[in-house]
Amino acid sequence: MLNISITSPSMTQQLTGKSRLKECSILRELSLACAMALGFSAMHVHAQIKPAAQDAVNDKVKESAWLSDPALTQLVQKMVESRFMPYKVVGQKSDKDMLSYKAYFHPFPKDMERFYSYWGMTAEWYIARKNSMVQEGYQEIWHQSFRDAGNTELHQAVWMKRSTENPELQKLGSNYADEEHEQNILVGMLWRGEFKKLDIALDSAFAQNKAGRLKSNTLYKRFGTLSRLDKDFQKQFDVWVKSSMYGYAYLARGMFLQQQAWDARGDKLAAETSKKQFADFHKLSSVARVDLTKANEKIKSCAICAGELIVNNRALGIKEGDNALLKNALQYDPKLYSPVYAYLSKLLPQWGGSFSEMETFIGNIRKTTGDEILVDELKSRLCYYQGIAIYREDQEGARIWFERGLTSQPYQLLVNELALLYAKKNNHKQAIVLLEKSMANGNEWDIYTLEALAQSYFALGMQAKGDKLIAKRDEAVRRFKNGE
């Protein structure tokens, strides 16, 4: 489970259509969406004592580039997941009156209990937040301000509370999800360099899947968890590949490198993306292809490998082979959805396809698989894509598409965007209905759902319900931090 939530009232930027240019392989996407969906510009991380595994990370200070508010939020999320805190955030206004921010990171201090990092605060909000932090026992470790195009003073600040002891983590008895536990364990093994244990765990997971005791999409999520780690994990992946006789390390590193490629390209339109970004994107995708091909050779009848090669083909502009890959994936494992999602994404207009081609594809999948749950999810994704295509110019029209996509199995990013639109109109009752249903559909421990639903409860004065969800969110974060 990702370990951030967005809680600031500042609203300097909203998510735009540009940031949806690529279809990311997001499995914990709701936590990221929370950063955008609430329209807030502050990061709140709850973290207990740094685990011993922190030593596996290079302790040097890391400096980001100058980034937009949403881009910085994405980066901070990734760094926090890799146990780095933004101990400084600075802001500036460019000659074109564009706001941008830069963060400096270092590993979680051993005595850190919790920290808050806020940026883009008005002076009024900074003073209020500062007073509140002092009362709650936090120390301000960083502060900076600048003026925007309207001459409004904006503040960036970081507060941290230090632990005086190392207490055993409080258990809330809220039935923490077993699958979240399994994913956290895998990350911990990679972090600590326990590569033999990793191989055994993944080999066991494949065996359980083959025996019908582990769902195919759940197995995929475990690899997806490993793919979205910080680039500092590159060394761990490399050592794992060298030490392993299995194909799992190749698959995990290939997915990791492909995600690094997407990150290098960025989420802007092609005209706004530099030649270097495209070069890095192509280089990393090419390296990922080597690993994914090797994994496909070493893992027998690997439907996950086939799906990831479809993703890689899209990244490298390779048009041939996807039909065969999809056919193989469906033959190997018709219950795995990721290859079908990958093929649908390659039919997006920005990749040379069209919405009509996507509709035809969904119809063919129905005939081929007869899986109505999969078809419902594909229809919902198509409505999401159609809504996003007009989001910047026509949010009301986008809302209509999103609501049309509320099938029995709605795409979670669609749910996020629709909840955002409801919340922006102060229609919190409708947002609550939507998010409560999302929780019931299997997102009980999703950070975005917990946080966004809590905020809607708070907005309607339902403090007790909101507090309960925040406590649950904090437990998920604590367990993630300790690899539980």
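I started with burial: 56% of the 484 residues in the protein chain are buried. Here buried means under 20% relative accessible area, exposed means over 50%, and partly exposed is in between (1.4 Å probe, protein chains only). Before going on, I noted that this is a predicted model, where local features need pLDDT of at least 70, side-chain atom pairs count only at pLDDT 80 or more, and totals for chains, interfaces and linings use all residues. Residues are numbered from 1 along each chain as its sequence is written, and side-chain values use heavy atoms, with hydrogens and water left out.

Next I looked up the surface. The protein chain exposes about 21200 Å², with 51% of that supplied by carbon and sulfur atoms (Shrake-Rupley method, 1.4 Å probe; for residues, only the protein chains shown count as cover).

Then the layout. I found 19 helices and 7 strands in the protein chain; these are DSSP runs, H or I of at least four residues for helices and E of at least two for strands, numbered from the N terminus. I also checked contacts (heavy atoms within 4.5 Å). Of those between residues at least 6 apart in sequence, 70% join residues at least 24 apart.

On to the cysteines. How many disulfides are there? I get 1 disulfide, taking a pair of cysteine sulfur atoms within 2.5 Å as the rule. Cys-302 and Cys-305 are joined, S to S 2.2 Å. The torsion about their S-S bond is about 75°, so the disulfide is right-handed. Both Cys-302 and Cys-305 are buried. I looked at Cys-383 too: with a relative accessible area of 10%, Cys-383 is buried.

Aromatic rings came next. I count 19 aromatic pairs. The rule: rings of Phe, Tyr and Trp (its six-membered ring) pair if their centres lie within 6.5 Å, and planes under 30 degrees apart are stacked, over 60 edge-to-face, the rest tilted. One of the pairs is Trp-262 with Phe-281, tilted, at 5.1 Å centre to centre and 40° between the planes. Trp-262 is in helix α8 (residues 248-265) and Phe-281 in helix α9 (residues 275-298), so this pair ties together parts 19 residues apart in sequence. Trp-262 and Phe-281 are both buried. Elsewhere I noted a cluster linked by ring pairs: Tyr-116, Tyr-118, Tyr-126, Tyr-138 and Trp-159.

Last, charges over rings (NZ of Lys or CZ of Arg within 6 Å of the ring centre and within 35 degrees of the ring normal). Arg-83 has its charged end over the ring of Trp-191, 4.7 Å from the centre. For Arg-381, the charged end sits over the Tyr-341 ring, 3.5 Å from its centre.
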